[in-house]
Protein chains: 2
Amino acid sequence: MADGPTITTIAERAGVSIASVSRVLNGLPTRQETVRKVMAAADELGYVRNAVARSLKSRRTHQVAFAMADVGNPAYLAMLRQIQPVLKAAGYRLVLHSTDAVVADEIDVLHSLGERYVDGLIMSPLRVTDAHLQMLAAARAPVVIIGTVPEGTPVDNVRADSRTGVKLAVDHLHALGRRRIALVNGPPDTWPGASRGAAYREALEQLGLPYDDDLVQIGDFYRAQGGRAVAELLDRAPDVDALMCANDLIALGALDVLRAAGRRVPEDVAVVGMDDTDLAAASWPSLSSVSLGSAERGKAAAELLLDRLNGDDAAPRVITVPPRLVVRASTAGETYGHEGGRT
Amino acid sequence: MADGPTITTIAERAGVSIASVSRVLNGLPTRQETVRKVMAAADELGYVRNAVARSLKSRRTHQVAFAMADVGNPAYLAMLRQIQPVLKAAGYRLVLHSTDAVVADEIDVLHSLGERYVDGLIMSPLRVTDAHLQMLAAARAPVVIIGTVPEGTPVDNVRADSRTGVKLAVDHLHALGRRRIALVNGPPDTWPGASRGAAYREALEQLGLPYDDDLVQIGDFYRAQGGRAVAELLDRAPDVDALMCANDLIALGALDVLRAAGRRVPEDVAVVGMDDTDLAAASWPSLSSVSLGSAERGKAAAELLLDRLNGDDAAPRVITVPPRLVVRASTAGETYGHEGGRT
DNA sequence: CGAAACACGGTAAACGTTTACAGACATTTT
DNA sequence: AAAATGTCTGTAAACGTTTACCGTGTTTCG
């Protein structure tokens, strides 16, 4: 790990000035002979450009940060998987921040943009507070938010459409003849929780179904809690014939509990999840799920940010990615295999 | 996004020299009055230290890179999830590289250490080639490899123990009375593929079971291919009564195909996966799986690297993480729910 | 053949920090 | 009262690049 060669070392060895070395290395027009000498010296010394010095002078780090709550969450993971290759192709490295949905951590990340260790930031906050908005207004580098920010916030914004997503699912269940459609939601003080709750209510209304408090159960966004929530729900409203779950993990919990309670899926109770994660296809019965386009949102965010990094300074843009219902065995029933291993 | 304040700006405003500003900002002993003036100026200006300039001078970036084949792979994800918080707690940022298991990309990453944009690297290569070893020998920053490198390679090394892992699984299947135990493996030219193949053979031998070529099927490490492999296997060896799958995705494919073929799991065919990913618990029937301790390996690697960054220059270390068999419905049978929704 | 145009490469400043060194002043010691 | 000590702060160099500017030597043209 001895100190590596610098352009000064090369300059001495090649018998030219550091300016010439730099020019050659950057492909600026230079006499053939000089190019040859410099290249030879660089090769012999195993020279590699120092990215830090380069960044200092050029004011470009070729790094972009992505900040989300938790890599373990498949929705964020899907974003990450799209963001990474887009950035890589454009020559940017990816700095990953996991904030555990702690607001202070997110604010920290925004603040740290001032350190200028990245050229831009993609952030997917669970909820957007006033502190967020303040920091966003003063951000020292371009930011793209995956989520929803108020009109007038000076950042690009890639949105999911939970409302339509929930409607797709509820309409689907209704079309299957279900009339006692329950909602198993996450905390209503998160953005997803709130919007999905409202969308459920709206969807019922449009279908002319009554809204029944007994059919709404709140837990968190995880499997065990989801299961517990469904257990309570079954107690309170035993005639439920469909579950709209606010994410796939909750739905998985629901499947566990329904199975234990002897309810058949989908014959007795149809189940729809949300986010269309890998788990949905892996579960048994496989889970119908509403994709909110995490992957597409990640890709769109990365592309928006790249535009900004290339100097685009048009007004902030808003992109909304349409949801998609993926029908599988937990609502369709008649497709391959729901009879299980009993042929 | 106007040019932010620098220590020069602060120095002017506070009426002191930049050296004093730097000293105050770094908490070096300074007169109270000066501290006050500098702090006031810094606050008013909303000053944030420039990380790039800092790194250039101090030769420390406080960044660490993690390079693996694919974030989508749950095993790597488990590592990442452990690595991230350890680094964060130590004040390091995480730069993520996804190499798609392309050797040239991995070499690139090693080469790029010369750019000095990170202080160290954790890498989990699918296979270790001569090119890797050369680069490792000349690496310009501390490297920890998650995987297996030959004796004498000058890097720390965190290993899984596939051999014991496979043995655990095969022994388990044998103890359940299975005698026609097949292996569904990935490509034998990858390290996992090769070692799991060898370990399977060895485990059979120790149990006094014959090795039967018909019982070994090779695909890749993904679900669809895994399914296809199992279909072929069932054709060739219809009397198979247990499947040892080289990872969970293959095992999921196996479950699909077994179900379609009308074989009951685990009554007719027991199935064991490997890596113990989230999918194993989510599938139906839930999947017994051998954990190779991805999470533990990630954590160990991060800690090893931090030691190096703190100046530890002892001889290269090797840590081996023991595997663990997690028994679920796909081999245990009698536990909750394997009767499916038929109560 | 002298001037103008040009190609090339060297000198030096800049990016924003940290830090060795020395100077200025106040305080203590002899 | 002079010398010695100590505390604080300013000057300047350094980290490794990029790049504006200028000088030199060659070519081209009137």
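1. Residues are sorted here with Ala, Val, Leu, Ile, Met, Phe, Trp, Tyr, Cys and Pro as nonpolar, Asp, Glu, Lys and Arg as charged, and the others, Gly among them, as polar. The model under discussion is a predicted one.

2. DNA strand D is surrounded by 28 residues. The closest come from both protein chains: Ala19(A), Asn50(A) and Ala53(A), together with Ser17(B) and Ala19(B). On chain A, the elements that give two or more residues to this surface are helix H1 (7-14), helix H2 (18-25) and H4; on chain B they are helix H2 (18-25), helix H3 (32-45) and helix H4 (51-58). By class, the surface near DNA strand D has 11 nonpolar, 10 polar and 7 charged residues.

3. In chain B, helix H1 (residues 7-14) packs against H2(B) at an angle of about 105°, and the two axes are 8 Å apart. Angles of 65 to 115 degrees count as roughly perpendicular, so H1(B) is roughly perpendicular to H2(B). H1(B) contributes Ile7(B), Thr8(B), Ile10(B), Ala11(B) and Ala14(B) to the contact, while H2(B) contributes Ile18(B), Val21(B) and Ser22(B). Of the residues in the contact of H1(B) with H2(B), 6 are nonpolar, 2 are polar and none is charged.

4. Chains A and B touch through 44 residues of chain A and 44 residues of chain B. On the chain A side, two or more residues each come from helix H4 (51-58), helix H5 (74-89), strand S2 (93-98), helix H11 (248-260) and helix H12 (278-282). That side of chain A divides into 20 nonpolar, 15 polar and 9 charged residues.

5. Strand pairing also crosses between the chains: S2(A) is joined by 3 bridges to strand S2 (residues 93-98) of chain B, and the two run antiparallel. Within this pair, Leu94(A) has Leu96(B) as its bridge partner.

6. Chain B holds an open sheet of 6 strands with mixed pairing, in the order S7-S6-S8-S9-S10-S12. Strand S7 (216-218) and strand S12 (324-326) of chain B are at the edges and have a single partner strand each, so one side of each is left without a neighbour in the sheet. From one strand to the next, the twist averages 20°.

7. Strand S6 (residues 181-185) and strand S8 (residues 242-245) of chain B run parallel and are joined by 4 bridges. Ala182(B) stands opposite Leu243(B), a residue of S8(B). Helix H10 (residues 223-236) of chain B lies across S6, S7 and S8 of that chain and runs at about 145° to S6(B).

Conventions:
Residues numbered from 1 in each chain as written. Chains lettered and ligands numbered in written order. Predicted model: local features only at pLDDT ≥ 70, side-chain atom pairs only at ≥ 80, totals over all residues. Contact = placed C-beta atoms within 7 Å. Pairing = 2+ DSSP bridges. Near = placed C-beta within 6 Å. Axes fitted to C-alpha atoms, helices over the stretch in contact; angles between N-to-C directions. Parallel < 35°, antiparallel > 145°, perpendicular 65-115°, else oblique.
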